[in-house]
Amino acid sequence: MSKIEEVKAKVEVGKSKLVPGLVQEALDEGSAPGEILQAMVDSMGVVGEKFSSGEIFVPEMLIAAKAMSKGVEVLKPLMAGDGSASLGTCVIGTVAGDLHDIGKNLVSMMIESAGFDMVDLGVDVPADTFVQAVKDNTNVKLVACSGLLTTTMPALKEAVQTIKAAYPDMKVIVGGAPVTPEYAAEVGADGYAPDAGSAAVKARELATA
């Protein structure tokens, strides 16, 4: 098993103590940082699929995401000068009136692990604050809005439409328990993700489209 394969396997099972050392060993063997990052993103993809199919649950997913972020810490200094390392900035937040953040935090970790710089606005975020964050940060490619309550669906719609009014080309992805692909399309979002694993895949797709 190559070092990269080992990194992949250990990220998948969330061995965050072992991953940084293995990443370093893979680098020492001559693997490119981007290649190692891609391997970790791939293994998070597997984790996401297992989560979607109910094979694993939130705790396992968080443990794997933590293992990946430990590996990314080793790679970050090496990739700072490599423009391809970051897919751009993603602004994320839970919409106004909603105080849920576990799902949003999980999505944030997953999107970050897919290669984005994250700006997390927290919970109960007014529509204008999303727009302001796009203005205040460089290279924002994506805004992710989360809504976990049926009562905050109008706020989600307002957030998407306010962002689109200010930045028509900005890609917006939405998610949360009551959100459906149909609703996402109806409010004008570019993407919808049922869970954190697919959010990361969708985020990459939208940013590189």
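For residues 87-209, an unreviewed UniProt entry lists "domain: B12-binding"; UniProt positions follow the numbering used here, feature names are shortened, and annotations may be inferred rather than shown by experiment. Over this stretch the chain is 46% helix and 20% strand, with its end C-alpha atoms 11 Å apart. Helices (H or I, at least four residues) and strands (E, at least two) are DSSP runs, numbered from the N terminus.

The model is predicted: local features need pLDDT of at least 70 and side-chain atom pairs count only at pLDDT 80 or more, while totals for chains, interfaces and linings use all residues. Residues are numbered from 1 along each chain as its sequence is written, and side-chain values use heavy atoms, leaving out hydrogens and water.

The largest pocket has a volume of about 430 Å³. Of its 27 lining residues, Gly-103, Val-107, Gly-175, Gly-176 and Asp-195 are the closest to its centre. A pocket here is an open set of points on a 1 Å grid over the protein atoms alone, where a 1.4 Å probe fits, with protein on both sides within 12 Å along at least five of seven lines; lining residues have an atom within 4 Å of a point. Grid points are joined across faces, edges and corners, and the volume is the space filled by probe spheres set on them.

At least two lining residues come from each of helix H5 (102-113), strand S3 (140-146), strand S4 (171-175) and helix H9 (196-208). H5 gives the most, with six residues.

Turning to helix H6 (residues 127-136), Asp-128 has its place there. Asp-128 counts as exposed because its relative accessibility is 56%, the cut-off being over 50% (1.4 Å probe, protein chains only).

Notes:
Buried means under 20% relative accessible area, exposed over 50%, partly exposed in between (1.4 Å probe, protein chains only).
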